[in-house]
Each structure stands twice: as C-alpha cells, then as structure tokens.
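This report concerns one structure and is meant to be read beside the sequence and the coordinates.

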Amino acid sequence: MKTELGQILANIRLHNNEILKDMAHRLNVTSAFLSAVENGKKKFPETWYDKLATLYNVSEAELNHIRQIVMETSNVIEIDIAASPFANRRLAVSFARQFDSLTPEQIDELFGILSKNKED
C-alpha cells in the first residue's frame with residue numbers, strides 16, 4: 001500500500017507520463033527499490049531531493065513538503081559526525097542517549113535555541 005510519499009512520487013510520474021520503471025531508471029535505482037520507498041519499506045534517499053528538482057522540475061515548496069513527510073515518517077535519524085569537532089560529537093552522543101528522557105520544557109528550550117540559531 002502506497003504511503004503519502006509514495007502517492008506524491010506516483011503523481012510526479014503520472015504528470016511526466018512515466019511508469020515506475022521509467023522513474024526508477026532516471027533516479028538510478030531498481031524498480032523494486034523505488035516501489036519499496038513508495039510503500040514505506042525503504043528510506044527516501046537524501047540525493048533524491050536534488051534529482052526530483054532537476055529531473056522533474058519539482059518546486060521548492062513541494063520538496064519542502066516531501067522533506068516534512070520524510071521527517072514525520074522516519075523512525076531513525078542518522079547523523080554523520082565523522083568530520084565534526086569533538087564538542088559537536090560529544091553533544092550528538094549525549095543528546096541521543098538522553099533523547100527519550102527529555103521533558104516537554106527541555107524540548108521547548110532546545111527548539112528555542114535551535115530556532116534562534118537558524119535566524120542568525
């Protein structure tokens with residue numbers, strides 16, 4: 001059964017008169033992989049945002065909508081900290097360890113800090 005993300009990808013295909021096999025070829029994946037992404041069995045590859053914009057002229061607003069869906073349906077978040085400074089690595093590990101025990105107040109405080117940094 002297609003997810004909301006799968007329906008969006010199918011609509012992009014239909015709008016471009018393509019079948020699943022065509023889109024898979026253009027995204028450089030197998031039809032089985034694309035189908036698994038559409039059905040929520042595989043993770044949406046990060047590289048697809050640029051490919052959808054380039055290959056299918058998907059607008060920034062639509063890409064943001066897709067990002068939101070991917071974020072809301074992801075069960076696992078991966079952060080590559082290999083090239084990060086030690087303090088950032090320590091923070092990421094500490095956050096991951098304490099994630100489930102954060103209080104609503106702490107979550108609000110963290111959002112406030114991160115929102116402020118985004119505005120700077």
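The model is predicted: local features need pLDDT of at least 70, side-chain atom pairs count only at pLDDT 80 or more, and totals for chains, interfaces and linings use all residues. Residues are numbered from 1 along each chain as its sequence is written, and side-chain values use heavy atoms, with hydrogens and water left out.

**Salt bridges**

A search of the whole structure finds four salt bridges, each defined as a side-chain nitrogen of Lys or Arg within 4 Å of a carboxyl oxygen of Asp or Glu. The table lists some of them.

| Pair | Closest N and O atoms |
|---|---|
| Lys 2 and Glu 38 | 3.8 Å |
| Glu 18 and Arg 26 | 2.7 Å |

Salt bridges with shared partners join Lys 2, Arg 13 and Glu 38 into one network. Glu 38 is buried, at 2% relative accessible area, and so is Arg 13, at 7%; Lys 2 is partly exposed, at 39%. Buried here means under 20% relative accessible area, exposed over 50%, and partly exposed in between (1.4 Å probe, protein chains only). In the remaining tabulated pair, Glu 18 is buried at 11%, while Arg 26 is partly exposed at 33%.

**Helix H4 and its cover**

Helices are DSSP runs (H or I, at least four residues), numbered from the N terminus. In helix H4 (residues 48-56), Trp 48, Tyr 49, Leu 52 and Tyr 56 are buried. Seen down the axis of H4, these residues fall within an arc of 110 degrees, so they line one face of the helix; the arc is that of the directions from the helix axis to the C-beta atoms. Asp 50 and Thr 54, on the other side of H4, are exposed. Cover for the buried residues includes helix H1 (4-15), helix H2 (20-27), H3 and helix H5 (60-73), where contact means heavy atoms within 4.5 Å. Just after H4, Asn 57 takes a positive phi of about 55 degrees.

**Surface features**

Ala 32 lies in helix H3 (residues 31-38) and is exposed, with a relative accessible area of 57%. Elsewhere, Phe 95, Phe 99, Leu 110, Ile 113 and Leu 114 make a nonpolar surface patch of about 470 Å². Patch residues have over 30% relative accessible area and no salt bridge; like charges are joined within 9 Å, and nonpolar side chains (Val, Leu, Ile, Met, Phe, Trp, Tyr) within 5 Å. Accessible areas come from the Shrake-Rupley method with a 1.4 Å probe; for residues, only the protein chains shown count as cover. Helix H7 (residues 104-119) gives the most to this patch, with three residues, whereas Phe 99 is found in the loop between helix H6 (86-98) and H7.

Conventions:
Helix = DSSP H or I, 4+ residues; strand = E, 2+ residues; numbered from the N terminus.
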